[in-house]
Amino acid sequence: MSRTALLPVVLLFVCFVPLAFAASWTPVVLLVPLLAAFWVLRVGVDVADDGVTVRSLLGSRRVAWADVAGIRVGRRADLWLVTTGGTEVRLPVLRPRDLPRLAALSGGRFAVPEPPR
């Protein structure tokens, strides 16, 4: 994920500061921008020669290219990595427009179909 996504998080922090000092218990609202920043810095997809690593907020999962059966596009234009074991792993920051770049990084392990005309 692009680090420019941190700009709205900084704006959110600035907006939350006055609210955070309104009462003695309200500094906990500053956890919201902190969690948002952690999400921007943590969540992503790493593509390597030997497989794909999907990083979520609390963990990560590595899928070797040999275990990849294909990619499914969901109803909300989200991408899912389909494994040979029948499981699916959501690719959190990728969209269908990223398929050509993902196909190129995969080393030709899957092809991207032509869009309908």
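Which residue's side chain does Arg55 join in a polar contact of 3.0 Å? The partner is Asp46. The notes below start from that pair. Keep in mind that this is a predicted model.

1. **Arg55 and its surroundings.** Find strand S2, which covers residues 51–55; Arg55 sits in this strand. Set aside the neighbours within four places in sequence. Arg55 then contacts Leu41, Arg42, Val43, Gly44, Val45, Asp46, Ser60 and Pro92. Asp46 is on that list, and the side chains of Arg55 and Asp46 make the polar contact.

2. Side chains of opposite charge can pair when their charged atoms come close. How exposed is Asp46? Its relative accessible area is 35%, so Asp46 is partly exposed.

3. **A salt bridge between a loop and a strand.** A search of the whole structure gives five salt bridges. One of the salt bridges joins the side chains of Asp50 and Arg62, at 2.4 Å from N to O. Asp50 is in the loop between strand S1 (44–47) and S2, while Arg62 is in strand S3 (residues 60–64), so the pair ties together parts that are 12 residues apart in sequence. Arg62 is partly exposed, because its relative accessible area is 42%.

4. **A salt bridge with a buried partner.** Asp98 and Arg101 form a salt bridge too, and their closest N and O atoms are 2.9 Å apart. Is Asp98 buried or exposed? Asp98 has a relative accessible area of 10%, so it counts as buried. Arg101 is exposed, with a relative accessible area of 54%. Check both ends when you look at this pair.

5. **Ser60 in strand S3.** Ser60 belongs to strand S3. Ser60 is exposed, because its relative accessibility is 52% and the cut-off for exposed is over 50%. Not counting residues up to four places away in sequence, Ser60 touches Arg42, Thr53, Val54 and Arg55. Now compare Ser60 with Thr83. The two are 23 residues apart along the chain, and their C-alpha atoms are separated by 16 Å.

6. **Helix H1.** H1 runs over residues 6–20 and has 15 residues. From first C-alpha to last, H1 reaches 20 Å, close to the 21 Å expected at 1.5 Å a residue. Which residues of H1 are buried? Val9, Phe16 and Ala20 are buried in H1. The buried residues of H1 pack against helix H2 (31–42).

7. **A nonpolar patch.** Trp25, Val28, Leu31, Leu34 and Leu35 make a nonpolar surface patch of about 560 Å². Leu34 is one of these residues, and Leu34 lies in helix H2. The relative accessible area of Leu34 is 55%, so Leu34 is exposed.

8. Most residues other than glycine have a negative phi. Ala77 is not a glycine, yet its phi is positive, about 65 degrees. Where is Ala77? Ala77 lies in the loop between strand S4 (68–73) and strand S5 (79–83). Ala77 counts as partly exposed, because its relative accessibility is 30%.

Conventions: Residues are numbered from 1 along each chain as its sequence is written. This is a predicted model: local features need pLDDT of at least 70, side-chain atom pairs count only at pLDDT 80 or more; totals for chains, interfaces and linings use all residues. Side-chain values use heavy atoms; hydrogens and water are left out. Helices (H or I, at least four residues) and strands (E, at least two) are DSSP runs, numbered from the N terminus. A polar contact is a pair of N or O atoms within 3.5 Å; within protein, one must be able to donate a hydrogen and the other to accept it, and residues adjacent in sequence count only if both atoms are side-chain atoms. Contact means heavy atoms within 4.5 Å. The expected span of a helix is 1.5 Å times one less than its number of residues. Buried means under 20% relative accessible area, exposed over 50%, partly exposed in between (1.4 Å probe, protein chains only). Patches are made of residues with over 30% relative accessible area and no salt bridge: like charges are joined within 9 Å, nonpolar side chains (Val, Leu, Ile, Met, Phe, Trp, Tyr) within 5 Å. Accessible areas come from the Shrake-Rupley method with a 1.4 Å probe; for residues, only the protein chains shown count as cover. A salt bridge is a side-chain nitrogen of Lys or Arg within 4 Å of a carboxyl oxygen of Asp or Glu.
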